[in-house]
Amino acid sequence: MPNASSWSASSPLLLLWEDSSGTRIFLSLLYAVLAISGTLSNVMVIYLVFSFKKLQTTSNAFIVNGCAADLSVCALWMPQEAVLGLLPPNSSSLRSAEYRLLRGGLLGLGLTVSLASHLLVAFNRYVLITKLPSVYQALYQRRHTGCMIGLSWALALLPVPLLPGLWTLGSAQSDGSSRYTALLLALAVLGQTALLLHCYLGIVRRVRGSAKRVSVLNFPLLHQLPFPAAPPPPRRAQRRLSSVSVLLLCCVFLLGTQPLVWVSLLGFFLRPAPPALQAASWLLLCSLSALNPLLYT
């Protein structure tokens, strides 16, 4: 029976080889469900944005970029994992180094661009709401927007050769390069998360401050003027719904990314986490590719 180290070095599904066939089938079905739902939702978002001119905004361009990246995970990587999970552990497909490199490249490329798109959307909304319109228009010209999207893909291609090392981050026999690769991944996601939370919390503070300033002017004398008063401020329920939406997006993002971050840090500074915990953390991160369209729509 293979041990945990052989599992970490060769398993495409991040499953224990000694797991029961029922467990492997269940997780393969879970990958299949995520693949189908994620592919349909991402394709639908891309179709809607390209079909309706009103939706062709700068913020939606970054969302479409994220959906395209998520398709590489949902439509290309997840179906392979669902099929390979049903194969016997001694299958030659599971031991092919080239095939593992291909799957690791698809996963790394998709997740990296997807996480970068999260940050681009958050920063776009932060500048739109908290800065002057002239600043937003100067920063988000069509050419600049295209460069930002292209840069997200270019940067994602750089660490792709390092991704196969992540499969061994929990192995007791893993070399130092894989441990440092896992540390680099954790620090990158932590930095991206800090920037994303800064943008969204800044938006919430600005919206709440604007609502308070508008409410100060909404006193009864305005309703007695001979000319129409300004439109009423947003209702409290609407402001609360906006805050809840931002909070929900941040919570789902943290739930999907942080378990893998802390599992990687634990494996680098202390000792490798249990293989089942590693598998769960990877599955949560990959599930973001299917949940992102639902969050942003």
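How much space lies in the largest cavity? About 90 Å³ of space lies in the largest cavity, a cavity being, on a 1 Å grid over the protein atoms alone, a set of points where a 1.4 Å probe fits but cannot get out, and a volume being the space filled by probe spheres set on grid points that are joined across faces, edges and corners.

The structure is a predicted model, in which local features need pLDDT of at least 70 and side-chain atom pairs count only at pLDDT 80 or more, whereas totals for chains, interfaces and linings use all residues. Residues are numbered from 1 along each chain as its sequence is written, and side-chain values use heavy atoms, with hydrogens and water left out.

## Overall architecture

The secondary structure of the protein chain comes to ten helices and zero strands, where helices (H or I, at least four residues) and strands (E, at least two) are DSSP runs numbered from the N terminus. Of the 297 residues of the protein chain, 44% count as buried, a term that stands for under 20% relative accessible area, with exposed over 50% and partly exposed in between (1.4 Å probe, protein chains only).

An unreviewed UniProt entry carries the annotation "transmembrane region" for residues 25-50, 62-80, 100-123, 144-162, 182-203, 244-270 and 276-296; UniProt positions are given in the numbering used here, feature names are shortened, and such annotations may be inferred rather than shown by experiment. In the model, residues 25-50 are 100% helix and 0% strand, with the end C-alpha atoms 37 Å apart. The span 182-203 is likewise 100% helix and 0% strand, and its end C-alpha atoms lie 32 Å apart.

## Nonpolar core

A nonpolar core is a set of buried Ala, Val, Leu, Ile, Met, Phe, Trp, Tyr and Cys residues joined through side-chain atoms within 4.5 Å. The largest such core has 53 residues, and those with the most contacts inside it are Trp77, Met78, Leu107, Tyr200 and Trp282. Two or more residues of this core come from each of H2, H3, helix H5 (97-130), helix H8 (176-216), helix H9 (236-269) and helix H10 (275-296), and H3 gives the most, with ten residues.

Helix H5 also holds Leu109, which is buried at a relative accessible area of 18%. Leu109 and Val73 are 36 residues apart in sequence, and their C-alpha atoms are 8.5 Å apart in space.

## Aromatic pairs

A search of the whole structure finds three aromatic pairs, where rings of Phe, Tyr and Trp (its six-membered ring) pair if their centres lie within 6.5 Å, and planes under 30 degrees apart count as stacked, over 60 as edge-to-face and the rest as tilted. Two of these pairs are set out here.

| Pair | Centre to centre | Angle between planes | Class |
|---|---|---|---|
| Tyr31 and Trp77 | 5.6 Å | 80 degrees | edge-to-face |
| Phe62 and Tyr140 | 6.1 Å | 70 degrees | edge-to-face |

Because Tyr31 lies in helix H2 and Trp77 in helix H3, their pair ties together parts that are 46 residues apart in sequence. Tyr31 counts as buried at 4% relative accessibility, and Trp77 is buried with a relative accessible area of 2%.

The structure holds three cavities of 30 Å³ or more. The largest cavity is lined by residues including Phe62, Asp70, His118, Asn292 and Tyr296, lining residues being those with an atom within 4 Å of a point. H3, H5 and H10 each supply at least two residues of this lining, and the largest share, five residues, comes from H3. The lining divides into five nonpolar, five polar and one charged residue, where Ala, Val, Leu, Ile, Met, Phe, Trp, Tyr, Cys and Pro count as nonpolar, Asp, Glu, Lys and Arg as charged, and the others, Gly among them, as polar.

A pocket, by contrast, is an open set of points with protein on both sides within 12 Å along at least five of seven lines. About 340 Å³ of space lies in the second largest pocket, whose lining includes Phe50, Gln56, Arg142 and Ile149. Helix H2 (21-51), helix H3 (58-84) and helix H7 (142-157) each give two or more residues to the lining of this pocket, and H7 provides the largest share, four residues.
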